[in-house]
Amino acid sequence: MPQTVALGCQNEAIMGLHAFVSEPEHCEIYRTLFGDNVPKLFGFEEGWNVPASRHRHNLGKEQSFDGVDHYVLTLHLGGGGARRSEFHAPMARTGAISLQRPGSPAIVSSQGEVEYAHLYFRQGLLCEAADEIGDDKHVEPEDFFAQTDPMLSKDIEAYVLRALDPDNPPSSLEMDGRAYIIALGLLRLGANLEEPSLRELDQVEREDLKPVLSEIEARLGEQIRLSELAETARLSPCHFSRVFKSALGLTPAQYVQNRRVDRAVSLLRNTQEPISSIAFNTGFSSQSHMGRLVKEAVGVTPAQLRRA
């Protein structure tokens, strides 16, 4: 049985629309196989739609993985080659992508130690992405192993690097957006398309997004989910993300980060509020996180800005 772990976010309002409410079953299999030598699962406690982990293991001649109730997307990052016995495919090497669908068992082996990342997600994420491209034929992709797709590999690798970034931790809003990009890429790969035909964007101007922008301003100090902003705009999260970027030239995550930096700079210049309180009240993960982004924006640290 999967281990039930209390989420850091204690209510569904700040979880992703397709988030796991208990630890993905695949993690329990890894715990059984490798004991304590199991890496951290990033994004689960934060309620991301797609939690991720990075592994380095020698799978040996054969490791059996039972079918689970969610998808397991694997990006092979380095080390020896890996093989899945059910497939007459080349060995998975750096940059290769593999998918294990819900309920599908797998028997995997490796030539020595291999490094790879796992991304976990539910069917609902793909269903929403499928609606965005008007394709319900490939909404439940079949298992595949050692596929090569540079565009999707790049998106998955970027997701993993951001998930594991200790110096500039990503917001849930950013990772929600990245998850939809990966879901669209998977559907494109399953349909054997070079580029999916995305649903036509609604004609939305900045003025039309005023309720969303007002919500962002009112909640800069809180965790903001893509699904919440999309609900305000009365759009699906996947479509809202595209509409927002088309209208403002920034992703929702980029816009929110810029507004947090602007608010922090204003408070540093015009108030005597403690720097640590400003970081907390403008939604940064830590004072050092705010400090890095403020310095990137204005060229000086928060303390220097206050003394200026």
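Two strands are taken to pair if DSSP finds at least two bridges between them, and helices (H or I, at least four residues) and strands (E, at least two) are DSSP runs, numbered from the N terminus. The structure is a predicted model, in which local features need pLDDT of at least 70, side-chain atom pairs count only at pLDDT 80 or more, and totals for chains, interfaces and linings use all residues. Residues are numbered from 1 along each chain as its sequence is written, and side-chain values use heavy atoms, with hydrogens and water left out.

To start with the overall picture, the chain comes to eleven helices and eight strands. Its radius of gyration is 21 Å, close to the 19 Å that the globule rule gives for 308 residues, so the chain is as compact as a globular protein of that length. The radius here is taken over C-alpha atoms, and the rule is 2.2 Å times the number of residues to the power 0.38. The C-alpha trace spans about 65 × 45 × 35 Å along the principal axes. Of the 308 residues, 50% are buried; buried means under 20% relative accessible area, exposed over 50%, and partly exposed in between (1.4 Å probe, protein chains only). Contacts (heavy atoms within 4.5 Å) reach well along the sequence: among those between residues at least 6 apart, 72% join residues at least 24 apart.

Next come the sheets. Five strands make up an open sheet in the order β1-β7-β3-β5-β8, with antiparallel pairing. At the edges stand β1 (52-58) and β8 (144-147), each with a single partner strand, so one side of each is left without a neighbour in the sheet. From one strand to the next, the twist averages 25 degrees.

Strand β5 (residues 97-100) pairs with β3 (residues 71-79) in the antiparallel sense over four bridges, and V72 stands opposite Q100 of β5. With β8, strand β5 again pairs in the antiparallel sense, over two bridges; here L99 has F144 of β8 as its bridge partner. In a regular strand the side chains alternate between the two faces of the sheet. In β5, I97 and L99 point one way while S98 and Q100 point the other way, and all are buried.

Over in β8 sits A146, which has a positive phi of about 60 degrees although it is not a glycine. A146 is buried, with a relative accessible area of 15%. R234 also has a positive phi of about 60 degrees without being a glycine, but this residue lies in the loop between α6 (226-233) and α7 and is exposed, with a relative accessible area of 78%. Most residues other than glycine have a negative phi.

An open sheet of three strands runs in the order β2-β6-β4, with antiparallel pairing. β2 and β4 (82-84) are at the edges, each with a single partner strand, so one side of each is left without a neighbour in the sheet. The twist averages 30 degrees from one strand to the next. Three bridges join β2 to the antiparallel strand β6 (residues 106-110). Q63 belongs to β2 (residues 63-65) and has V108 of β6 as its bridge partner. Q63 is buried, with a relative accessible area of 18%. Leaving aside residues up to four places away in sequence, Q63 touches L33, A106, I107 and V108.

That leaves the helix packing around α2. Two packed helices are described by the angle between their axes and the distance between the axes. The axes are lines fitted to C-alpha atoms, for helices over the stretch in contact, and angles run from 0 to 180 degrees between N-to-C directions. Helix α2 (residues 123-133) packs on α4 (residues 172-190) at an angle of about 70 degrees, with the axes 9 Å apart. That makes α2 roughly perpendicular to α4; angles under 35 degrees count as roughly parallel, over 145 as roughly antiparallel, 65 to 115 as roughly perpendicular and the rest as oblique. On the α2 side the contact includes L125, L126 and I133, and on the α4 side Y180, L184 and L187. By class, the contact has eleven nonpolar, no polar and two charged residues. Ala, Val, Leu, Ile, Met, Phe, Trp, Tyr, Cys and Pro count as nonpolar, Asp, Glu, Lys and Arg as charged, and the others, Gly among them, as polar.

Helix α2 also packs with α7 (residues 237-248), at about 50 degrees and with the axes 8 Å apart; α2 and α7 are therefore oblique to each other. Here E128, A129 and E132 of α2 meet P237, C238, H239 and R242 of α7. These residues divide into three nonpolar, one polar and three charged.
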